[in-house]
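User: I'm new to this one and would like to go through it piece by piece. Could you help me read it?
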Amino acid sequence: MEAASVLERRNFNGLLDALTARGYRPIGPVLEAGRIVYGPIQRDSDLPIGKTDIHDGGMYRIADRPDDALFGYNLPSDSWKQYLFPPHSRLWTATKSNGSFTVAAEEIDPPRYALLGVRACELAAIRVQDTVFTGAFPDRQYNAVRDDVLIVGVNCGQAGGTCFCTSMGTGPQLTDGYDLVLTELLDGDHRFLVRSGTATGADILRELPLTPATPADCAEAEALIEHVSGHMGRMLDTDGIKDLLYDNAEHERWDDVATRCLACANCTMVCPTCFCVTTEDRPTLDGATAERWRTWDSCFSLGFSHIHGGPIRTSVKARYRQWMTHKLATWIDQFGTSGCVGCGRCITWCPVGIDITHEVAAIRTEEAVHAHR
Amino acid sequence: MTTAQLRSEPMLTTPTRVLARTQETADTFTIEVEPPPGFSFRPGEFTMLYVYGVGEVPISISGDPDRTDTLTLTIRAVGKVTEAVGRLQPGDPLGVRGPYGVGWPMEAARGRDVVIVGGGIGLAPLRSAIYEILNHRADYGLVSIAVGFRRPEEILYVDQVHEWRQRFDIDLELTVDTAGDTWRGPVGVVTRLIPMLDFSDTAVAMVCGPEIMMMFTARALRDRGFAPDNIHVSLERNMKCGIGLCGHCQYGQHFVCMAGPVKPFSQAERLFGIREL
Ligand code: SF4
Ligand code: SF4
Ligand code: FES
């Protein structure tokens, strides 16, 4: 690992300047309509200074911190997939000609994003989507954006009420895959411990007014991570989880969750790994051209499983089971990794507070009871 | 992975045109399409068909894999896109992507007896396998085919089915679920034909039809000594992309578009048993 340096809080804009000077468009946390979301960042003042977010099942609110931390929140409601994999995009356009038509792929010239404030679970989620989008048929648009992305990770300084990254082995510390990683230190002088993970990251650091990190700085950063690890809001026992869910496809708990779930699809929209899309083909008004679009879709929508006779998953039970089993079990068979990184968004943003960790625990406990009979 | 691969649009369709159209039954038709340049396929694979401005739909190939001059697809008009395909006439444009998926185990079947069981439009993807076998007849052992339709008017490829019945190098049994007085063949579900089929215990079975029919057929074959690994069924799920990117075709852990549609019954049985999976 690259030796750590210290960037003083007052020099933080220097980092933003270095990113923009290289042609990157910084995106990071911004406070908007009572929540923290990702948006364009020009100056440090765009960040949610002195704010934090409180998460629980179906509950979210913004609160003041006793300090002026720039990254003192847990996790925005939206995820980086908004940028890497936009909710709505045109894939190609067909044009009528000579009794037939021609097709042209959408021209893509994506902005070069610098993602500022990527948490460990979020980097894990990006890597999960990398696996999805670089398979046998690599996704052109995703990879075009992804290839040029610069990742500025920020280690968590606190765990949220719905976080369980330690259970999923994805956090709270960023260990690799970033260009730069920051740990915000608030004891004494407000400062950042910084490290580079790539040559580009190292180049950027060379332009900043840094001082070498002292052993005390490093110890403080380590203590923070340890504290965060010990204060996860949730926990999920992943032991044998694939077989647990495969063996319990007909468990009564699915009926129980179906009485609570509204099939609103919020969980799939906020989930940083969910990648399902539908396609839409539509002619333009004069019919001279026709376009293919793709839009985020959700396994909670009734039409999702439609085949000629009607939908396969008519019950909410079947739809919730599909979602949770995909996240935690079938994903492992499909992509060699869990589809859940433990970010807790689906718990926070579920209007009725359905909690993936509780649902697994319920199946596990009740299964154990059955097993002992 | 090269940049060129990364940068080509995998969802781009290739414009081509309809060469011929045959109405098979009241709601089912077969179209011949000019194959996109370099197109070739294996029996059981499917294509994504695009109708200008309307949409795209997965259709399995029902033609002869040895013919490169035409791409044959049999389609039941049951939705917006399939109905639009049904309105296309010779010369009309349409788009094709593919072929995609894992088809019938033609290689594994070489040198062995083959049992083919089709229900309704399930005969369409099996027809490609039958062509392949007849084109290379000496490569296979006994070939027994059982096909079932709901009513005599719904028999697909009716002339061809009767022609195959006359052949001495294959055995074809035909049944319908219900029929009027003029029907002279057997009446009943296709699984009832299974006791009449001849095969050795190393035979390979290819089964396609409604899920419930595939399940009962596979079980009946198993009862007659088939190893579940040697029975192949064709899964069906909603498909929006055909290439593992839309998530719609998931059936348990499988992406039907990539790992299927054809799967051994040993893997499909558990899935068939779970309602609304
Ligand atoms: S399933 Fe829930 S906790 Fe897991 S990654 Fe998705 S949103 Fe986060
Ligand atoms: S689990 Fe919650 S967020 Fe997800 S679909 Fe059901 S009600 Fe909506
Ligand atoms: S059809 Fe889209 S993933 Fe299989």
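User: What is the bridge partner of Ile27(A) in β8(A)?

Analyst: In this predicted model, Ile27(A) has Leu115(A) as its bridge partner in β8(A). The two strands involved, β2 (residues 25-32) and β8 (residues 113-118) of chain A, pair in the parallel sense over three bridges.

User: And which helix packs on the sheet, touching β1, β10 and β11 of chain A?

Analyst: That is helix α7 (residues 215-229) of chain A, whose direction makes about 90° with that of β10(A). Helix α6 (residues 199-206) of chain A lies across β9, β10, β11 and β12 of chain A, and runs at about 140° to β11(A).

User: What's the strand order in the open sheet of eight strands?

Analyst: The order in chain A is β3-β2-β8-β9-β10-β11-β1-β12, with mixed pairing. At the edges stand β3 (35-40) and β12 (210-212) of chain A, and because each has a single partner strand, one side of each is left without a neighbour in the sheet. From one strand to the next, the twist averages 30°.

User: Switching to the hairpin of β4(A) and β5(A), which residue takes a positive phi there?

Analyst: Gly58(A) does, with a phi near 65°, in a hairpin that has two residues between the strands. Strands β4 (residues 51-56) and β5 (residues 59-64) of chain A run antiparallel and are joined by six bridges, and His55(A) is partnered with Tyr60(A) in β5(A).

Notes: Residues are numbered from 1 along each chain as its sequence is written. Chains are lettered from A and ligands numbered from 1 in the order in which they are written. This is a predicted model: local features need pLDDT of at least 70, side-chain atom pairs count only at pLDDT 80 or more; totals for chains, interfaces and linings use all residues. Side-chain values use heavy atoms; hydrogens and water are left out. Two strands pair if DSSP finds at least two bridges between them. Helices (H or I, at least four residues) and strands (E, at least two) are DSSP runs, numbered from the N terminus. Axes are lines fitted to C-alpha atoms, for helices over the stretch in contact, and angles run from 0 to 180 degrees between N-to-C directions. Contact means heavy atoms within 4.5 Å.
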